[in-house]
Amino acid sequence: MVATEKQVDKLEIRILGPLEISREGRLLPIRAPRLQAALGALLLRVGEVVTLDHLVASIWGEDTPSDPANQVATCISMIRRRLRDFGVQHNALVTQPPGYRFVADGVKVDTITALQLRSAAQERISEGDLEGALPILKEALSLWRGPVLSGISRPEWAAEVHRWEEEYVSLRSVCSDVQLQLGRYEELTSELSAFTQKFPLLEQPRGVLMTALARSGRQADALQLYRNTSAYLRDELGVTPGKQLRQLHEQILKGTLPSSATDSPPEPPVARAPQELPAAVPGQGTAGTSPTITAGPCLLPGDLAEFTGRQEEVQRLQAALAPTEGSVPLVLLVGPGGTGKTALAVHTAHRLRPAFSDGQLYMNLRGMSGQPVAPEEALARFLRELGLPGPLPETLDERAESYRRLLADRRMLIVLDDAADARQVLPLLPGTASCAVLVTSRTRLTTIPTTRVLELEVFERQQALTLLALLVGRDRVSAEPEVAEQLVAYCGHLPLAVRILGAKLASKPHWTLRKAAARLADERRRLDELAHEDLEVRASLELSHQGISPAARQLFRRLALVAASDFGDWVCAPLADLPLADAEDLLEELLDARLLDVVSPDDAGEPRYRMHDLVRLYALEQVHDLEPQEQRVAALVRLGMTTLALADRAHRTVCGGDFTVVHNLAQPPSVPADILDRVGRDSLAWYEADRLTISALCRQLAEQDQDELAWDLAATCRCQFSLRFHFDEWRETHEVALRAARLHGNERGAAAMLLGLGDLHLTKRNYAQAVPLLEESQELFRKVNDEYGYALALRKAACADRIQGRFEKALSRWQECLPILRAAADIEAQAQVLRWSGQTLLEIGRRQAAADLLHEARRIVDGFQGRSAAQVRLSLGEHQLALGEPDLAEQEFAWGLEAAAHNGDLSGHCYALWGLGWCDMLRGRHAEGEERFQQALELARGIHDPLLESDVLIGLAAARQGMGNPGDAVALLEEGAGLCRQMNAPARLDRFRNALASVSRGVPWYQSYFADPDDAASAGSSI
């Protein structure tokens, strides 16, 4: 057994077969199809961020729900709870934009174990220890218990599932090679007989089985297996066995097959690592004999001894370049500079030499240099290598014809490295399918016919660490593992950068990894450090930079000013100070030069763009060298003004207008029509996609003394932050804008930011922190004579009074601010104050006065599209519950539920479910109520709202008691009471104490929960 990482929670997950989750011998059943699908999607990409779109497609296919983000969040929350209840202490499921990630730390996942075992076996094989490798390989193969995630697989998982099927086939092939070399013919025959039945089209394992049968004295069986294989291939595919299998058949017939592996030493299995095995390439590899490489021109550069990673890409390239009967196999390997395109192409070409026995041609076309190789020059060299007699033809067409004639029916591989465009490549293509072509380029050459494109990205973390270890030595990496991870992170996992760093460290054995990390930590010097001898990251980037237009260079360097991890195309217009269409053309130029990457589309289906960390450092050098401070700030301000205008549209969508927000006194910016057409139509989706851009921009504007724009942008986004519970962005934007406002003596801006921060703590139920901030905000608004801002802060302070039981003070404060809000024509804030006042009156038993205020709020929001319209309806539903009218209450809650889902209002959604659950309870439908409350509880916990959670817990306790489970009810009530103590909410705590006392007496207290004024005094909702 190979040692794996420590199992902190002793949790084991298996997906190589049916989904199975176990801990200490106990199984965790996951039967809900939605949860199975969500888990499957995450586990197939364990350790990676799985996008929201992929999760939605995996769970619902084409039947996407109306609020997919909320539904996925609910699924994730339920999985987290199931894991917690199962005894898993750490959070294995983390939220990480643009989706979620399953963290395997402390979890034994069979796919990870399989890769660890494969690596361990490869090490044994490379050391010549075949006996030690065999049990490890068999242990790895035993992890497969059937088809991957059998029973719950989805079409969206086809690529991942296929990968693990190929991994199984590859492991089986290596294991068979080891068994064959060790002479374990009987066990090999037994195992491969079953395997070939499962994978009947693979010729290589059938060849190994024929060899094992023949060497164990069963020549007749070996020959019969060949006849069966030949018939099967003819019937199924209309083809004959490949050359390798035919040669093996002839050897067995003539009795010339070596009697053992030692008579004809085979190629070591390590030469075909599990994920690097070719997919049935005719003429490549043998069953127990070394491949034959005939003489022919080989212009390939030497293969890298420390080549690592890219196993899947090697396998795909080998399969795609296999000679065929149709068109010429042609693969275009595309990727940014430094991703290792040349190394991968050369490595694959060397592995394919047995399949292309007539030779391998190579040419560096120098496409990214100032002097690319002309096709006439490339053809001249190739023709001389191919032995063209006499003088070279004069014209390009004549040289291309001679080239194709010499290549006809010859098995040759042509590698064209660093191509600039299709015109450079097309004359160099052969005319017959016996040849294959592998092209590398930084751009897609889409006009080349019948091309397969393979996109190359940066390394995964482990691949980068493996390369570093190969270059500097495993001992140095294992001595400082955390520093090694920091080093490859500084390199952005770019293979070229890791290779440069490794070469530098190898040349300086006296350096510790920590010393190298300290030198790389300074971003201003990082590109200087990533240079060694003739290798330099900056030089690689300069090649791409030189090939774009001056306007594209300007946009490129200004995009480095965008501090967010990714961005939408709309940001290019204000940065370049151009119409969106012109800016998009420049953006496409940057994409073609591979200076930008496209990442997953956002919720609105629009693509997002990202600049690699090292590319951004290069762009920052350019913008600081070529543009003065004034130009850089002007570009940021244009971006800030456009962002503010878009944020204002999102705010108006949720709040129904320019309500509940204080702006600076400047003329409000407008959104250019072209940007509005692109992203302004769905402003909520725009906000969700660009909220990290907003946060980064607030910080940058504050740092550049643009405090007015910074605090206005933060204040305008407060409603969105609140609606989606984006607490981190809320806090960060307001704190940086507050510091900037205070630094510049901007008291009105400081008041607005204090209002926002007080509201943040209020939403998080931190009342002790909220009240001082709101009171300071009121004082500053008074100081600058801003009555409207004062009223907005006062109404929020009253909310804290209500929750902490100071009901009369809350009502008095709301009464004070209501005339100011009416004078400002703020419909949203008026409705909020009337609704909160009505709820408070309802809580203290003044039902008629509460009804008057709630109906007044209803009249105000009649026809209104803001968030308050739904919240008023929810409060009216609660009023109907108090009147004992569940049917009327249900109408209000159902309307509120639909509106909340439309607005993405998670707390409103939770409140509506809570109300519908109580409607079920008043009708005696306890099981239905329990289901509603359970859904609401998952939502409340998902948005980390302890007040909402406490409301739902008391409803769930009522349902459990009604279903005959008083023990569950007591546990839930005690949990809710604990939350009330944490929040310092004494009035809410009283209702839990009353309910606990009733349960202990066996009294069904919930039947009169809303009807009894004493109970109703604590039954108010949380929003």
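**Ground rules.** I took the model as predicted, with local features needing pLDDT of at least 70, side-chain atom pairs counting only at pLDDT 80 or more, and totals for chains, interfaces and linings using all residues. Residues are numbered from 1 along each chain as its sequence is written, and side-chain values use heavy atoms, with hydrogens and water left out.

I began with β1 (residues 11-14) and β2 (residues 20-23), which run antiparallel and are joined by four bridges. Two strands pair if DSSP finds at least two bridges between them. Leucine 11 sits opposite arginine 23 of β2. The β1-β2 hairpin has five residues between its strands, and glycine 17 in the turn shows a positive phi of about 140°.

Next I followed β2 to β3 (residues 26-27): two bridges, again antiparallel. Here serine 22 faces leucine 27 in β3. This hairpin has two residues between the strands, and its turn holds glutamate 24 with a positive phi of about 55°.

**Entry 2, the three-stranded sheet.** I then found an open sheet ordered β4-β6-β5, with antiparallel pairing. β4 (49-51) and β5 (93-96) are the edge strands, each pairing on one side only. Neighbouring strands here are turned by 35° against each other on average, direction ignored. β5 is joined to β6 (residues 99-102) by four bridges, and valine 94 stands opposite arginine 101 in β6.

Which helix lies across β4, β5 and β6? I got α1 (residues 33-44), running at about 70° to β6. Helix α2 (residues 52-60) packs on the sheet too, touching β4 and β6, with its direction at about 65° to that of β4. Angles run from 0 to 180 degrees between N-to-C directions, and axes are lines fitted to C-alpha atoms, for helices over the stretch in contact.

I looked at α27 (residues 629-655) and α29 (residues 683-703), whose axes come within 10 Å and cross at roughly 140°. That makes the two oblique to each other (under 35 degrees counts as roughly parallel, over 145 as roughly antiparallel, 65 to 115 as roughly perpendicular, the rest as oblique). The crossing is left-handed, meaning the near helix is turned anticlockwise from the far one by less than a right angle. Among the residues in contact (heavy atoms within 4.5 Å) I noted Leu636, Gly640 and Arg649 of α27, and Trp686, Tyr687 and Gln700 of α29. I count 13 nonpolar, five polar and one charged residue in this contact. Nonpolar covers Ala, Val, Leu, Ile, Met, Phe, Trp, Tyr, Cys and Pro; charged covers Asp, Glu, Lys and Arg; the others, Gly among them, are polar.

The contact includes Glu688 and Cys698 of α29 with Asp707, Phe721 and Arg724 of α30. It divides into 13 nonpolar, one polar and three charged residues.

I searched the whole structure and got 66 (a Lys or Arg side-chain nitrogen within 4 Å of an Asp or Glu carboxyl oxygen). I checked the one between glutamate 938 and arginine 81, at 3.6 Å, N to O. Glutamate 938 is in α41 (residues 926-942) and arginine 81 in α3 (residues 68-85), so the pair ties together parts 857 residues apart in sequence.
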